[in-house]
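Here are my notes on this one, point by point. Have the viewer open while you read.

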Amino acid sequence: MRFEIYVALRFLREARSQTILIITGVSVGVSVLVFLTALIGGLQQSLIAQTLGAQPHIVVRPEEESARPMLAKRSASNEVVFSVVEKSAQRLRSIREWQKVVHVLSDIPGVAGVSPVVLGAAFAIRGSASRAVALYGIDPERFEQVIPVASKLRSGRFDVSGAFVNLGVDLADELGVKVGDKFRLGAPGASGDVFVVSGLFDFGNKEVNLRWVLVSLRNAQTLLDLVGGASQIFVRVDAIFAAQALSEEIAATTGLVSDSWMRTNAQLLVALESQSRSSQMIQLFVIVAVAMGIASVLIVSVVQKSREIGILRAMGTSRKQVQRVFLLEGLIVGATGALFGSILGVALTLLFQALARRPDGTLLFPFELNVRLFATAAAIALATGVCSAVLPARRAARLDPAEAIRYV
Amino acid sequence: MSDPVIEIAGVTKSYGGEVITSALRGIDLRLDRGEFVALTGPSGSGKSTLLNILGLLDRPSAGTVNVLGQPTAQLDDDALTGLRGRSLGFVFQFHHLLTGFSAVENVMMPMVSVAGRIEANMRASALKLLESVGVAELADRKPNQISGGQQQRVAVARALALSPPLVLADEPTGNLDTKSAAEVIALIRRFNREMGITFLIATHDLSLAASCDRQINLVDGQIEFDRRGKP
């Protein structure tokens, strides 16, 4: 065993109550770090999952139609006069050569799923009940890669082949249909067709549950008069926070309009960022408090150990060795605190999970406890331990051995 | 002429800023291998200051200090510490054992400190030293579990841990009863005779000083007399 470790461990053991107190302080600090990070991480993951659960990460669509300003007339004084240009109403259009675009998008690194979609407004009618719906024409296999539907089914199956449709549980309630029932789907100005409910989904989102109707791509093309077309392409990415960069890359590659979830949910991003900042501020204050605790206890320890330091110096212990003894004390305190703090943090998290549940007993949201979190907490605790020990260690190393032996 | 262990010339030590106090004034001194020397003088005469300078715990304001023929003026703190660890042993009035370590660990400490790590033979060597000072059975006791005399024996064993040629003892019996004091002095005298270790003992005890081979008396930071042989 090295001299510095030997002495540092013994000094810590000798001042047992101080050591226990300081390790408890570090443990509490680390547990707060672990708990808070797991809580905020879980909360954010839950928010993102809820928001993106029924939303593609990137939507690719054709450019909006716009009227071109025409040169109206040239006056006698040669002045050019433009007429007022009004924004034209948008009609449902297909992405040109969408099959090729789907192929191109699938090959972009970081893209996890690509699904062509025909999306338009329609009416769901059953008896006297009529509801405006968002009609999604989808290729079920591809759609499932972008927005998982099968796992959200409350009843029935994920099947949109032939005349089968999937719709949300709230819409089914309003129409009074269940799996196996028939109803009519039609676009504005068209009579539409009769479809059979094959499955009811619940995305935990009222808007989606009330508005979405999933049919096959071919049925949507026919109903919305977009034969052979796809009005949008939905994209899922591997890293959700890389969506904006990928969206820009897609727009540049395809020349189409590409919107990421980060742009369409800017407010959510701001909220998440504010949450992270608040959490980081709390964590910073905790770290500062822990650091001050370690530093003050070690400074007291240096004063208490002045005589011992003087004796060691007289026996041939160098200033650097003395300095390393106290740095090691900080490191040992930090490491032990990190270990107990992580255990305490997990216990706190599990306790919170057990207590804070929905009325049906399910988790409020999953906590994010992973190796990275513990590694970060441990690294912070170790760094705090060592940094806090720098001042006491330097003070110890500067002690004049002759003075220390004589007066203490 | 015998081999000098330590040699100082023209050593002065002054303290203070505007008002300067001179603790030592032009001391010339040489200690040879195997000497058994008493350093006497009234309180404030500069004994402790001289011991600190001889022990390389303090630097003189002027003058030279050579240890085993090596000049120390140009040595940096690390080199000075290394030289101190290898060449000098200390015995203090209040034993100054490390309270958190057992007797045997206290004796091992100079070995561990200089080697930078605990080595296999260190405990055996420390136990042998404790045996030679007659407290081997107390090896695993902490300092507060043994008597003052026993503590000072352990301190003597620790001072000898690295077989230094010179041991500086500051009032080694000052805190002991007469019987224990006599035992400790007999002990260090034995090491002086058997191992040829030089001892410089700062003391107020005139009978102890009289039992030494040489007596140096300091008054007001200067050597009043330096006489060899018993008076």
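1. Leaving out neighbours within four places in sequence, B:L31 is in contact with B:P4, B:V5, B:I6, B:V37, B:L166, B:T198 and B:L200; contact here means C-beta atoms, placed from the backbone, within 7 Å. The residue sits in strand β2 of chain B, residues 21–32; helices (H or I, at least four residues) and strands (E, at least two) are DSSP runs numbered from the N terminus. B:L31 counts as buried because 21 C-beta neighbours lie inside 10 Å. The cut-offs are 20 or more other C-beta atoms within 10 Å for buried, 12 or fewer for exposed, and partly exposed in between, with C-beta atoms placed from the backbone. B:D3 is 28 residues away from B:L31 in sequence, yet their C-alpha atoms are 8.7 Å apart.

2. Before going on, some housekeeping. This is a predicted model, where local features need pLDDT of at least 70 and side-chain atom pairs count only at pLDDT 80 or more, while totals for chains, interfaces and linings use all residues. Residues are numbered from 1 along each chain as its sequence is written, with chains lettered from A and ligands numbered from 1 in the order in which they are written.

3. Now the cores, meaning sets of buried Ala, Val, Leu, Ile, Met, Phe, Trp, Tyr and Cys residues joined through C-beta atoms within 7 Å. In the largest nonpolar core, with 117 residues, B:V107, B:L130 and B:I201 touch the most other members. As background, nonpolar side chains tend to be buried together in soluble globular proteins.

4. Chain A is assigned domain 1 (3–51 + 269–407) and domain 2 (98–255); the bounds come from an automatic or database domain assignment. Their C-alpha centres lie 51 Å apart.

5. How do chains A and B meet? On the A side 23 residues are in contact with 27 residues of chain B. Elements giving two or more residues to that side of chain A are α1 (3–14), α11 (306–314), α12 (319–355) and α14 (401–407), and the largest share, six residues, comes from α1(A). By class, the A side has eleven nonpolar, four polar and eight charged residues. Nonpolar covers Ala, Val, Leu, Ile, Met, Phe, Trp, Tyr, Cys and Pro, charged covers Asp, Glu, Lys and Arg, and the others, Gly among them, are polar.

6. A:I311 deserves a click here. This residue is in helix α11 of chain A and is buried, with 25 other C-beta atoms within 10 Å. Not counting residues up to four places away in sequence, A:I311 touches A:I405, B:H96 and B:L98. The C-alpha atoms of A:I311 and A:A404 are separated by 8.1 Å, although the two are 93 residues apart along the chain.

7. A:E97 is not a glycine but has a positive phi of about 50 degrees. A:E97 lies in the loop between β3 (80–82) and α3 (98–106) of chain A and counts as exposed, with 11 C-beta neighbours inside 10 Å. B:S163, likewise a residue other than glycine, has a positive phi near 45 degrees.

Note on methods
Contact = placed C-beta atoms within 7 Å.
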